[in-house]
Amino acid sequence: MRTRWLTLAALTLAATAGVLSVSAASATDPVTLDQGYVTDDAGVLSGSEKEAVEARLLELTENSSADLFVVLVDDFSSPADNVAWADTVAENNNLGPEQYLLAIAVEGRNYYISAAAGGPLSDGKLDDVEDRIQPLLAQEDWDGAIVLAADEIQGDGGAGALRTMLIVGGVIALALVVWLIVSLVKRARRDAAIRRRGAMPETPDPNDPFSTLTDEQVESQAGAALVQADDAITSSREELGFAVAQFGEAATGEFSGAVKTAKSKMSEAFDLKQKLDDEVEDTVHDRRAWHIRIIRICDEIDDVLDQNTEAFDALRRLEQNAPQELERVRGERAMLQPILAGASGALASLSATYDAASLSTVADNPAQAQERAALADRSIEGAEAAITAGRSGEAAFAIRTAEQSVAQAAQLVQAITVLGEEMATVEAQAQALIAELQADVAAAQQLPDTTGTLAAAATATAQQLQQAQSQLTGSARSPQRTLEALTAANAQIDAAIAQGTQAVERTRRTQQMLEQTLSQASSAIRAARDYIETRRGTVGSTARTRLSQAEAALTQAVDLRAGSPETALTEAGRALDLARQATASAQSDVEAMNPARYENDGWGGGLFGGGGSRSTSSGLGGDILGGIIGGLLSGGGGGGSSRSSSWRSSGGGGFRSSGFGGGGGGRSGRSGGGRF
């Protein structure tokens with residue numbers, strides 16, 4: 001009897017353990033959905049049943065605005081609640097508002113359809129679907145329940161598909177006229193929006209920092225970048241010259257290469273700016289692309305110069321030898337004084353002979369030179385005080401400022417002398433051309449003239465000669481304009497007598513005109529360059545672009561001089577015209593700057609102490625116009641700080657990917673489902 005009870009107890013214990021183990025094994029945590037629409041972790045669907053269910057759910061997706069995903073497990077756990085479990089699976093798998101999840105616990109006899117807020121099906125519709133499939137679930141007709149759910153969600157189980165297609169076809173036919181009208185209206189609005197937007201992308205690209213900028217903003221950044229890059233190169237070139245003089249070419253070879261590379265890139269940027277400014281009409285897309293290319297070239301220039309800043313700054317650490325360097329600059333300032341003393345007299349002498357337009361590029365050079373000298377004096381005093389106080393870094397900055405101020409003052413004075421020499425050369429060229437034209441007139445009168453062309457050209461040339469001889473005497477002369485008029489007359493009469501001259505003679509005349517034009521262009525370019533460099537703090541990108549193009553045209557003319565003098569003459573004339581445009585644009589920029597805005601703060605009330613005074617044409621205002629302080633602080637000078645490109649465009653941000661189903665916002669938490 002005792003053995004029988006022990007045996008019965010053991011069987012009971014084993015059965016209980018088996019039930020518990022089966023229950024534990026059947027519970028399922030939230031799962032990751034398989035590829036496709038059905039995840040059968042319970043293993044209740046055969047291969048053919050699952051294939052049929054997948055096909056029906058795909059048809060649902062294609063014929064309705066909703067997707068239905070199905071997961072079959074033994075039981076729900078973590079959480080055990082059917083609503084929470086199904087919602088957790090849907091959220092973990094990023095199902096969106098249009099994507100529904102039918103969760104079925106085949107052993108737990110529980111089910112639920114998870115739905116996010118904002119989906120195409122109402123809560124009442126979902127409740128109805130759950131009610132209709134409940135009997136099939138109770139009969140363990142799993143595939144039948146899934147197909148019925150798809151039928152109910154689609155609306156009529158597919159039986160009315162043909163009717164639906166006919167209705168849709170009728171609606172489409174009926175709405176065709178409306179669609180055409182709407183299309184035309186939309187196209188008109190879209191075209192208007194495109195015109196307003198220009199070449200700006202309709203949708204911002206997170207990888208393109210310019211995609212959020214309008215065409216006008218891109219153009220503005222390109223202009224600013226061009227000016228700052230050109231200033232950086234000019235300052236770097238000046239610094240290189242000072243370093244070579246002090247340390248030798250071998251020690252500055254690396255930075256020389258960097259400056260050369262930056263200048264090459266600058267030429268490319270100026271070429272693009274010239275294309276944007278020429279008379280050829282460009283598309284909005286080309287203009288935007290070229291402006292962006294200019295900005296990127298200027299960024300590359302900044303990078304090239306920045307890569308060598310540390311090595312170059314090491315050469316210019318003046319604080320290591322500040323007392324000796326101060327004495328050197330003091331000596332340079334002393335040698336400048338007699339040069340300054342003769343500047344006003346030299347300009348007055350030229351003013352007594354030539355008109356104001358001929359001297360416009362040097363009219364304020366004496367005053368500008370005096371400002372630079374005054375700045376040098378203040379800098380030297382400040383450097384001396386800084387050395388005495390042990391402020392070596394401040395002393396180095398002041399010495400550098402004095403060094404550049406002396407150099408610019410000398411350049412300003414020298415420009416007056418050089419212009420006077422060039423004016424005398426132009427007058428001599430004009431006199432020589434007068435003699436040549438007189439001979440041309442005589443030669444033209446001796447040639448056969450059946451059409452009267454030669455006689456008309458000879459008469460016009462004789463009148464021009466008479467005017468030129470009058471313009472080259474007395475005061476207020478304009479040798480450049482006179483030479484230009486004579487050159488035009490020479491071209492006219494040469495064209496008239498070309499039929500009666502030999503090819504060699506024509507070549508000689510062309511070559512002579514070429515040399516004269518080259519000389520004129522070179523003089524105009526030099527004057528423009530001096531004017532821009534000594535006032536670069538105020539001069540914008542247009543003048544710099546014209547100057548760069550003039551220099552390129554002059555180089556082209558020189559290269560073609562031997563092989564193709566006619567083409568070279570054309571390029572030389574173009575260089576001359578561009579140089580004049582550069583000067584005119586630069587002068588316009590300078591005039592636009594109101595000198596009264598600047599105060600003569602100098603070194604007085606700022607870095608080195610002392611009192612300040614106000615002036616309309618000297619002091620800090622003049623310093624800024626010359627680009628000295630601006631050049632030092634923008635990265636062209638020494639010091640330990642690195643430049644940062646203020647024209648740089650910065651992008652950022654991105655876009656939100658919707659992932660598998662959009663995600664976000666949580667599921668609705670609808671009460672529904674239940675047991676079957």
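Predicted model: local features only at pLDDT ≥ 70, side-chain atom pairs only at ≥ 80, totals over all residues.
Biologist: What makes strand β3 (residues 67-73) and β5 count as paired, and in which sense do they run?

Modeller: DSSP has to find at least two bridges between two strands before they pair. β3 and β5 have seven, in the parallel sense, so they qualify. Numbering starts from 1 along each chain as its sequence is written, and side-chain values use heavy atoms, with hydrogens and water left out.

Biologist: How do you know whether β5 is enclosed or open?

Modeller: Buried means under 20% relative accessible area, with exposed over 50% and partly exposed in between (1.4 Å probe, protein chains only). Seven of the seven residues in β5 (residues 99-105) are buried, so the rest of the structure largely encloses this strand. Gln99, Leu101, Ala103 and Ala105 cover one side, while Tyr100, Leu102 and Ile104 cover the other.

Biologist: And what about β6: how many of its residues are buried?

Modeller: Five of the five, so β6 is also largely enclosed by the rest of the structure. Asn110, Tyr112 and Ser114 are buried on one face, Tyr111 and Ile113 on the other.

Biologist: What links β5 to β6?

Modeller: Five bridges, in the antiparallel sense, with β6 spanning residues 110-114. Ala105 has Asn110 as its partner, and Leu101 has Ser114. Four residues sit between the strands of this hairpin, and Arg109 takes a positive phi near 55 degrees.

Biologist: Which residues do ring pairs link into a cluster?

Modeller: Tyr111, Trp142 and Phe676. Rings of Phe, Tyr and Trp (its six-membered ring) pair if their centres lie within 6.5 Å; planes under 30 degrees apart are stacked, over 60 edge-to-face, the rest tilted. Searching the whole structure turns up four aromatic pairs.

Technical notes. Helix = DSSP H or I, 4+ residues; strand = E, 2+ residues; numbered from the N terminus.
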